[in-house]
Amino acid sequence: MKKLLALLLSFILIGLSLDLVFNKPNDNEDNINTETNNPIPTINTEKKDYAPIEEDNTTGFKTSWFSGATDGNITLSSTFDVQTLSIEYPGTAIDSAQFFREGIPFIKDNQYIISFDIESDTERSIELVITNAQNNEKLYSQIVNVGAPTNIRVEYLMDKETTWNGKVALNVGYDGKETTNSYHSIKISNLTILDVTNKDNSIKVNHLGYNIKDQKQCVFPYSQGDFFNVIDVVTGSVVYTGAIKNRVVNANTGETNYIGDFTNVMTPGTYRIESQIVGTSYEFEIGDNIFDNLANDLLKMLTAQRCGYDLGTEYIGELAHASCHKQPAIIHSAPEQSIDATGGWHDAGDYGRYVETGAKAVSDLLFAYLANPGFYGDDLAIPESGNTIPDILDEARYELEWMLKMQTSWGEVYSKVVTPAFASDVVPEQDNQPLYIVGASTISTGDFVAVMALASDIFKEIDPDFSNRCLEAAILSWEYLSNSVNQGEIKNPEDISAGEYRDDNDSDERFYAAISMWNATGDDEYLKSAKEEYSKNNDCVNGISWKNVGGYGRYLYLQNERAKKDKNFYDEMLTSLTNEANTILGVVTSDGYSTSISHYSWGSNGTIADNGILLNMAYEITGNMSFRQAAVEQLNYLLGKNALNMTFISGEGYKYPINVHSRLAKAKNALYQGALIGGANSDRDDTMLQELGENIPSAKMYLDKYNSYSTNEVAIYWNSALLYLVVGLD
């Protein structure tokens, strides 16, 4: 690990010392197809088929190789895979003119292969030289005769001490032949330097792979030459060669990033990336349905979070736990009263249950179903499997049934059911603290109305009785909501230390609720209420986080065919969606990893997943491929194309979180398969992070430690967001 860190630092410093100049993309035109630019397109809900972007291996590329002369005259012209040396005068010695590159690692006892094709329009000799650029020690040299096109292949064993600043050069000065003194040119192509001993996996890719038709990009965390090869792992053959380009200085990662695009590799198979200079990637798949297992694991995580259910190993393996938290829940503000609050999902690494976060998670599942009804079957081995209903709806219903218990007889909805303090590291059935109902608000009520109305519409044909229950509950709570003013954020009483999820603005919940009621009933009075809410606060239609849910209502409206009858409001909602998506897109196109955030706070991975969903919503409505491609990049980030070179989902990919902050997983000493963790947190919101060095870049501020709860905790609404992103992009 220390060697890799030293290598990265050395490459960065070397690039600076050589004063290399690269082009930074102005509008990321190499990464994003901007063909579709109609600001107010007609809604199109049909399944889209699309062709990949055409490759452009010139924009954003500049060579990392150099030429120089002492008493000669030589010029270099470059494409990403061909170098042409024009020799006006070779000087007085073979080393008077040189083609070279520094910053190449040569590690003691490692075997290297240097290979290139070369031709010269005059017969002559050149010298291949390897040196240690730090002390000018010559490590290897060989005279090579060139003329007609030929391949040069040199196997070199590094028998000296390791250098991180090796230099490979071709001396092309005067070789003693009179003809060399005349003008001539030398063409060098397919030059690669391969470390045979060590595959460093430094090139960042999606560990699981790429869908055939999606944009496919990799990231080089430092300069690794001019081009990369995509290698078919089975045959060992090069199936594609592309330029390494688009240099981006990335303050969040402490790296200088370069991009490789191999979108046009569309043949199913297993591949890896090799850079021109000693870099490799993990192997990955290209194909259809490659995220199916991931999506199943993401949904099963919610099953494992079930409260009040006896879950055996046949459902969740090593995380199996007995029914828990079955005692009546005391209403904290009226301790003489209690209700049945069994069921629902444990919210995160603790055992609390919250309406606001539960509503976000349920929304994701229901919208994922609407986006792709056939994605999930009825055979995922959850308790309801085999009942002819897609398991994603069964899992959503488990939370909905609990939320129905949180509704009062007058329509107000309680916010959460928690214990006085977080449980110790025990399985949930051993958490025997008293349960309390804490708080009720217009925010939790608005969330409740929105998901109940949405569920009533989805279950209408599947289970009419349940659909009617949901709609009746939604109507009751809507009546309460419409006659109530904002009650503000809910703060914990002094004797309760559970999570708070504080939110003081209910306008987004009201908007989402109104649109969902209009969508379910067709009654334009609800749409009128939504418009009134929007007129008071235009921001109420933004966001799809637990705290800002208005974007769900906006998208639900735009997807409804009846929306187009009101052109003015439709156009306002469409403009709002595209504006929010374009703001996110601006961050994506300026980031070395195409990540959608510039600040890494608690739950950064959840924000990235939410941004991916919102970008894909914009694509679904507008057909603008730039939005979809940016959404794909958010998925790629979460699945390994990031500065930490890891997937952020436990048990997925080559490197992933193991010690997640989950009391269940800790108590069971088991891997929590398919759980998305919070991710990098530059705010250092836990003690372990505060003990890290001051100079760690924000995107790398992460610890795979149980007690680093602000980076390594799991949560239902992060998992649901990634699930919706995966299913929505399928």
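## Helix packing and nonpolar cores

In this predicted model, helix H4 (residues 355-371) packs against helix H10 (residues 550-559) at an angle of about 25 degrees, and their axes lie 11 Å apart. Angles under 35 degrees count as roughly parallel, and H4 and H10 are therefore roughly parallel to each other. The crossing in which H4 passes H10 is left-handed. On the H4 side, the contact is made by Lys360, Ser363, Asp364 and Phe367, while H10 contributes Tyr552, Tyr555 and Leu556. By class, the residues of this contact divide into four nonpolar, one polar and two charged.

In soluble globular proteins, nonpolar side chains tend to be buried together.

| Core | Number of residues | Residues named |
|---|---|---|
| Largest nonpolar core | 153 residues | Tyr557 and Tyr672, those with the most contacts inside the core |
| Second, separate core | 33 residues | Leu85, Ile107, Ile114 and Val168 among them |

Leaving aside neighbours within four places in sequence, the contacts of Tyr672 include Met301, Ala304, Gln305, Leu319, Val660 and Val714.

Leu139 belongs to strand S7 (residues 137-146). Because buried means under 20% relative accessible area, Leu139, at 10% relative accessibility, counts as buried. Beyond its neighbours within four places in sequence, Leu139 is in contact with Ile130, Thr131, Asn132, Tyr156, Met158, Lys160 and Thr163. Between Leu139 and Ile696, the separation is 557 residues in sequence and 35 Å in space, C-alpha to C-alpha.

Technical notes:
Residues numbered from 1 in each chain as written. Predicted model: local features only at pLDDT ≥ 70, side-chain atom pairs only at ≥ 80, totals over all residues. Heavy atoms only, no water. Axes fitted to C-alpha atoms, helices over the stretch in contact; angles between N-to-C directions. Helix = DSSP H or I, 4+ residues; strand = E, 2+ residues; numbered from the N terminus. Parallel < 35°, antiparallel > 145°, perpendicular 65-115°, else oblique. Left-handed = near helix turned anticlockwise from the far one by under 90°. Contact = heavy atoms within 4.5 Å. Nonpolar A, V, L, I, M, F, W, Y, C, P; charged D, E, K, R; others polar. Core = buried A, V, L, I, M, F, W, Y, C linked by side-chain atoms within 4.5 Å. Buried < 20%, exposed > 50% of the residue type's maximum accessible area, 1.4 Å probe, protein only.
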